[in-house]
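Me: Please take a close look at one part of this structure, with the numbers. Then place that part in the rest of the chain.

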Amino acid sequence: MKSPVFMTQELFFVKCSFCNVFEVTDKKPSGDILHAHDYAQIWYVTRGQCDHYVENQLYLMTAGDTFLIPPMVEHETVLAPGSAAISVEFSLEDLFPTPCGAAQTEIRSYLDRMSVMGFLQDSKTRQPRFRFRPEAMPKLDRLMREILEEFREEKHCYQDMLRVKLQELLLLYIREYLTSPESRSTDLTYERYQALMNKAIAHIDEHYNESISLEDVCRISTLSKTYFCYLFKLMTQKPFVEYITERRVQGAMRLLQNTTMSIQAVSEQTGFHDAANFSRTFRKAVGISPRDYRKMRFPAREGGNNE
């Protein structure tokens with residue numbers, strides 16, 4: 001089985017920090033190898049057709065079809081001869097940062113649920129495309145082409161214009177989603193997955209100081225690695241490894257505050273098992289070493305065995 005290429009926002013968002021926009025043709029392909037990315041993506045087929053492979057399933061997309069691809073989903077897209085599409089890649093976190101207001105929180109929630117409709121159904125019911133009503137298609141077409149033009153031409157304030165138009169595009173998606181007959185069943189599916197993820201996150205919070213693997217929590221959530229990683233980042237705003245590391249550092253801070261345990265013992269008690277790695281990780285997260293943290297915050301405990 002092919003291993004996917006993983007694409008990152010840091011590497012591909014060069015011109016603009018929150019998005020990347022380009023036109024794809026069979027002569028100028030993109031995404032035609034198995035890959036995943038840590039950002040979201042919208043494809044809009046403007047001419048001809050393309051094959052879209054998601055989780056080893058093939059779906060045919062034709063002119064006028066669009067699909068919203070969430071982060072972490074493995075897929076590949078192959079355009080037929082003479083075909084073209086516009087691809088808009090963007091960071092939801094940058095467009096709708098957290099913490100945010102009630103309206104933006106609601107928008108994020110709808111976008112999360114839309115991704116379930118296309119990518120978290122079983123293979124028999126999954127349809128990773130989004131169909132707009134005929135009356136909404138002219139607006140979709142206009143927005144996609146305007147976003148591409150803004151990105152290409154780099155006129156004055158183009159990044160501000162891109163942000164506004166991307167938000168308008170996503171709001172158009174949400175409006176169409178709310179009118180679709182699938183929205184109610186999607187809400188029920190999302191709530192079911194949310195309950196499974198809550199169970200997995202609770203397990204991590206309870207056992208962060210033990211050896212815990214991605215395979216372990218995938219079994220608990222009964223989800224594949226692809227969908228678990230996607231939903232986990234969706235719900236916690238952090239990748240799996242980063243979340244566990246953060247919990248371990250928080251646990252170490254509590255031990256440094258409340259005990260006179262040595263640095264080695266704190267390392268072992270919080271799941272690091274290596275004092276040198278623990279100190280590096282702690283310094284990166286907190287800004288100072290474990291010993292300096294204890295010395296600065298709790299000088300009365302500095303007399304304990306800190307090495």
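Reply: Start with K139, which is partly exposed because its relative accessible area is 33%. Here, buried means under 20% relative accessible area, exposed means over 50%, and partly exposed lies in between (1.4 Å probe, protein chains only). Before going on, note that this is a predicted model: local features need pLDDT of at least 70, side-chain atom pairs count only at pLDDT 80 or more, and totals for chains, interfaces and linings use all residues. Residues are numbered from 1 along each chain as its sequence is written, and side-chain values use heavy atoms, with hydrogens and water left out.

Now the partner of K139. Its side chain meets that of E168 in a salt bridge, 3.9 Å from N to O. A salt bridge is a side-chain nitrogen of Lys or Arg within 4 Å of a carboxyl oxygen of Asp or Glu. Helices (H or I, at least four residues) and strands (E, at least two) are DSSP runs, numbered from the N terminus. E168 is also partly exposed, because its relative accessible area is 27%.

The pair does not stand alone. A network of salt bridges links K139, R142, E146, K165 and E168. In the whole structure, a search finds 15 salt bridges.

Two more of them are worth a look. K155 and E153 join side chain to side chain at 3.3 Å, N to O. Both count as partly exposed: K155 has 47% relative accessibility, and E153 has 42%. R133 pairs with E135, with the closest N and O atoms 3.5 Å apart. Here R133 is partly exposed at 34%, while E135 is exposed at 56%.

Next, what lies inside? The largest nonpolar core has 36 residues, and C19, F90, L140, L170 and Y173 touch the most other members. Two or more residues come from each of β2 (19-25), β4 (40-47), β9 (84-90), α2 (92-95), α3 (102-119), α4 and α5. The largest share, 9 residues, comes from α5. A nonpolar core is a set of buried Ala, Val, Leu, Ile, Met, Phe, Trp, Tyr and Cys residues joined through side-chain atoms within 4.5 Å.

Neighbours within four places in sequence aside, Y173 is in contact with I42, T66, F67, L68, M114, F130, F132 and L140. Contact means heavy atoms within 4.5 Å. Another core lies apart from the largest one; it has 20 residues, including Y190, C218, L231 and F240.

The structure holds 0 disulfides. C218 is in none, and the nearest cysteine sulfur, that of C229, is 6.1 Å away. C229 is likewise in no disulfide, with the sulfur of C218 as its nearest at 6.1 Å. A disulfide is a pair of cysteine sulfur atoms within 2.5 Å. C218 is buried, because its relative accessible area is 7%. C229 is partly exposed at 24%.

K238 sits in the loop between α8 (225-236) and α9 (240-258). Its side chain makes a polar contact with that of E246, at 3.5 Å. A polar contact is a pair of N or O atoms within 3.5 Å; within protein, one must be able to donate a hydrogen and the other to accept it, and residues adjacent in sequence count only if both atoms are side-chain atoms. Beyond its neighbours within four places in sequence, K238 is in contact with F232, K233, Y243 and E246. R291 belongs to helix α12 (residues 290-297). R291 is partly exposed at 39%. From S279 it is 12 residues away in sequence and 8.7 Å away in space, C-alpha to C-alpha.

Last, the whole chain. It has 12 helices and 9 strands. Of its 307 residues, 47% count as buried. Among contacts between residues at least 6 apart in sequence, 71% join residues at least 24 apart. The accessible surface comes to about 15300 Å², and 52% of it belongs to carbon and sulfur atoms. Accessible areas come from the Shrake-Rupley method with a 1.4 Å probe; for residues, only the protein chains shown count as cover.
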